Amino acid sequence: MAVETEEKTIDGLCQKLESYMSPEDIAAVRRAYEFAAKAHAGQMRLSGEPYISHPLAVAYILADLRLDAAAIMAGLLHDVVEDTSVSDSTIVQTFGTEVATLVDGVTKLKRIKFDSREEQQAENLRKMFMAMARDIRVLIIKLADRLHNMRTLKYQSPETQVRKARETLEIFAPLAHRLGINTIKWELEDLSLRYLNPQQYYRIVNLMARKRQEREQYIEGVIAVLREKLAELNLKADVSGRAKHIYSIYRKMVTQHKEFNEIYDLFAIRIIVESIKDCYGALGVVHTMWKPMPGRFKDYIAMPKANMYQSLHTTVIGPNGEPLEIQIRTWEMHQTAEYGIAAHWVYKESGSKRVEDDFAKKLAWFREVLEWQQDFRDAQEFMETLKIDLFSDQVFVFTPKGDVIELPAGSVPIDFAYRIHTDIGNHCIGAKVNGKMVPLDYRLRTGDIVEIITSKHSYGPSWDWLKIVQTSQAKSKIRQWFKREKREENVARGKELIEREIARQKLEPKQLMTQQAMAEVLQKFNFAREDDLFAAVGYGGLGPSQVVTRLVEIFRRNQGEKPPETVTIQKGSTAKPAEMGVRVRGVDNILIRFARCCHPVPGDEIVGFVTRGRGVSVHRRDCPNVAAMVESGARTLEVEWATDKDWSYNAEIEVTAMDRHGLVNEVLNAVAETKTDITAVSARADAKKIAHIHMSIRIRNLDHLRTVVERLKRIKDIYSVRRMIQ
């Protein structure tokens, strides 16, 4: 999909639609255009063009993807609610619910006030994803909108150019890849690079122009030979060459540390045939003509990518000894490779159940988005998790029966277990990979055969699992388990944590937790009842400090007070920094103590929290009890480890295992082997025969702690070893 130069008109759009749309649908599209043109009358873009040129260009992009009439109409109308006086109800009355729903999904949340631009953008994207998971056309329209905005980005300020380009590269190009719409993905990536790194962009463009003639002659020779050989075997094929996209060349230069003249596959050969059988026949022809390079053959026909992409990829040593990349696919695969999920609308008229089933299957990831986004109260946290899923490469692993399971790179057996079934994940106690036992944090590789070991006596998921799983699906299922199974315990624990945090601030819970204040906090964090809020704090979905910070703000506002700008630090303590192994940057002789909630040790990232009358309390930076303070910067100080002497520090760990005779002795002996002192130990077994061993140990640093944990994990029947945060 190249950047167009011809003038866009409604007549030109309707002519384009005639190839696949009925006269009635084309008339409806024209009516939507006339409505949008009237609504945007008098509005201009920064380029000096009438505003209607933008929605018209978006409609052209959607027509190139051969989307249906409702999507084209929504593309024409997508800005009228946001940028004109037209209301949602008017769109419903004039064009129907389907079009109005698509328009609403793309419309930004301009009318809602947010604390920052980042929060607003995160919430905009979150809303779009919720609408997209119900109707994927929302995202396709948004991608078309972003593509045209990127094509006209030169009219924006340099700051806006960089911000939009980075957002496009981080969010929208990966989404286009997820949908398999490569025609949009490649152009978005190239345009983003143009503004993020213009020097490299234009350098590659110029270097490609210099080598183009020489490379094109080489490719033309290869194509001629291939056509002749395929014709000899009566294989009907379309053979063509294509230049690599600028961003893909740039990525190869960066990731492989290569100069431009070291990259040989600037062009690739594409062979398009009639059937899957012919794909493998053409592959045989290629491999008899040129020697294939080891490890460079990929069969995406047998194992399609998550975005529906299917093709055979092989790299051979071509004429003149140069590496040559060749892709082989059918015409239907080619349509899907170029237009991805959008190609569904091309084939849906056939009524093929296979096409419908395939379409539903490929939307599975987007359905998961709708499910696990509900676990995030914060839109920015949701977007960070989304980026991880978007940027992950894929690995293909097998069940013992030979079924292929696709997972993000970095996935562990727990991710695999939850992908198979929720109950298998919840009752997982171990895993075998290729017939051998592996730890649950083993990183799966393509080709692994994975077998999950379950037990009806399993205690259930561990909080530690949230730190090692890669898929959002697994994280969501683990959180759901803790919500469901420990509801009453979480409510009680959450209320206790909030009251404890209030007491730390020398305040009374009754003062802060009034009916009016709690109602405001519930609204802020989007909870219906107080028990829901307490449960969220109890299972770790929300930090107690976040709730208490909001309650303190409400209390002071009602009292007519302002939060103090500074807090006096008590000096002259008998506990000197050198004795604690920690120093406050720029300040000497300050009372320092370690927080008992998270027990920081050397190697942890730490932060100082100024307390009233008790100096500086040192917490781990990831401690939930200071999360809100760290974010706001209130009452925090930069502290660092003073590691010039060997100090020992307290650490709390909990071992969970299958209860059996002699288990505690084995655990204690294992700790002793690491030459670690134990200051306290307690053990109990629950009704499910699960043992919980809580130990306080003295360690030198984080590496020392890891040594202890790894030694304990080698003991038979151990489920988990985790560091405690109270």
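Guide: Helix H11, residues 182-196, packs with helix H13, residues 246-255, at an angle of about 65°, and their axes lie 7 Å apart. Axes are lines fitted to C-alpha atoms over the stretch in contact, with angles running from 0 to 180 degrees between N-to-C directions. Glu189, Asp190 and Leu193 of H11 meet Ile246, Tyr247 and Tyr250 of H13, where contact means heavy atoms within 4.5 Å. Four residues of this contact are nonpolar, none is polar and two are charged; Tyr, Leu and Ile count as nonpolar, Asp and Glu as charged.

The model is predicted: local features need pLDDT of at least 70 and side-chain atom pairs pLDDT 80 or more, while totals for chains, interfaces and linings use all residues. Residues are numbered from 1 along each chain as its sequence is written, and side-chain values use heavy atoms, leaving out hydrogens and water.

The chain has 32 helices and 21 strands, which are DSSP runs (H or I of at least four residues; E of at least two) numbered from the N terminus. Of its 726 residues, 50% are buried, that is, under 20% relative accessible area with a 1.4 Å probe, protein chains only.
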